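Look over the sequence and the model, then read the points below.

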Amino acid sequence: MTKRVGVLISGRGSNFSALAEAARGADFPAAMAVVVTNDPSASGLARAREAGIPAVCIDHRPYGRNREAHERAMQDVLLSHGVELLCLAGYMRLLTPYLVGAWQGRMLNIHPSLLPSFPGLHTHARALVAGAKIHGCTVHLVTDIMDEGPILGQAAVPVLRGDTAETLAARVLAQEHLLYPAVLKSFLAGGAIEPPAGERLINPLPHKAAAP
Ligand code: GRF
């Protein structure tokens with residue numbers, strides 16, 4: 001059965017668009033229920049609205065340091081749209097145990113590195129400084145620790161001579177757009193992740209979707 005997916009974004013929302021595009025496919029097991037952002041200037045809001053998907057901004061600033069109160073406001077929006085599974089896609093705020101607990105086993109994140117290498121920010125520049133020869137992206141279940149949690153799938157790209165953080169980011173982003181829908185589909189199906197063509201390395205372990 002099709003699951004209703006909510007997406008949290010803070011910026012341009014290209015990963016959201018990739019998910020939304022995949023969800024238009026007849027056999028895709030998810031429908032985009034709502035996009036929520038903490039940032040009124042997030043360009044992903046317009047992308048969502050153009051795609052006919054409800055998009056809501058809950059600006060975090062009026063909540064000051066009360067991150068949980070901000071999350072509770074977002075949670076109200078998610079629940080009012082019938083969201084059953086939550087995807088973080090460039091959501092740039094640390095989560096409190098409240099939201100993580102509310103979506104335990106049902107919240108996915110995409111991170112632009114091959115975790116557990118390079119959690120946190122500036123992953124592409126750090127990979128270059130470290131001399132990494134392979135870089136990539138990871139989709140994982142969200143736990144209380146940032147950029148940790150069981151890995152559901154990864155996609156790898158080569159680091160090429162002359163790469164800058166920008167060229168490397170672009171190569172990784174193209175893979176993110178393929179990986180996230182593939183992992184979401186597999187996660188919801190509770191089956192093995194289909195290995196797509198190309199340079200990607202996909203974790204072939206089956207994962208069971210948690211009951212909503
Ligand atoms: C992506 O690189 C994602 O992995 C990271 O933030 C970026 C968001 O890009 N978490 P977009 O907003 O999906 O275009």
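In this predicted model, an N or O atom in the side chain of Ser-14 lies 2.5 Å from an oxygen atom of the ligand. Glu-176 also uses its side chain: one of its N or O atoms is 2.6 Å from a ligand oxygen. Gly-13 takes part through its backbone, with a polar atom 2.8 Å from an oxygen atom of the ligand. The protein buries 86% of the 370 Å² that the ligand exposes when taken alone.

**The ligand site**
- The ligand takes up the space of the largest pocket.
- Around the ligand stand Arg-12, Gly-13, Ser-14, Asn-15, Gly-90, Ile-110, His-111, Pro-112 and Glu-176.
- By class, this shell has 5 polar, 2 charged and 2 nonpolar residues.

**Where the shell comes from**
- Helix H1 (14-23) gives at least two residues to the shell, and so does strand S5 (107-111).
- Two domains contribute: domain 1 (1-103) and domain 2 (109-212) each provide at least three shell residues.

**The loop between S5 and H5**
- Most peptide bonds are trans, and most residues other than glycine have a negative phi.
- The bond from Leu-115 to Pro-116 is cis, with omega near 10 degrees.
- Pro-116 sits in the loop between S5 and helix H5 (123-130).
- Phe-118 is in the loop between S5 and H5 as well.
- Phe-118 is not a glycine, yet its phi is positive, near 55 degrees.

Notes. Residues are numbered from 1 along each chain as its sequence is written. This is a predicted model: local features need pLDDT of at least 70, side-chain atom pairs count only at pLDDT 80 or more; totals for chains, interfaces and linings use all residues. Side-chain values use heavy atoms; hydrogens and water are left out. A residue is near a molecule or strand if one of its heavy atoms lies within 4 Å of it. A polar contact is a pair of N or O atoms within 3.5 Å; within protein, one must be able to donate a hydrogen and the other to accept it, and residues adjacent in sequence count only if both atoms are side-chain atoms. Accessible areas come from the Shrake-Rupley method with a 1.4 Å probe; for residues, only the protein chains shown count as cover. On a 1 Å grid over the protein atoms alone, a cavity is a set of points where a 1.4 Å probe fits but cannot get out, and a pocket is an open set with protein on both sides within 12 Å along at least five of seven lines; lining residues have an atom within 4 Å of a point. A molecule sits in a cavity or pocket if more than half of its atoms lie within 2 Å of its grid points. Helices (H or I, at least four residues) and strands (E, at least two) are DSSP runs, numbered from the N terminus. Ala, Val, Leu, Ile, Met, Phe, Trp, Tyr, Cys and Pro count as nonpolar, Asp, Glu, Lys and Arg as charged, and the others, Gly among them, as polar. Domain bounds come from an automatic or database domain assignment.
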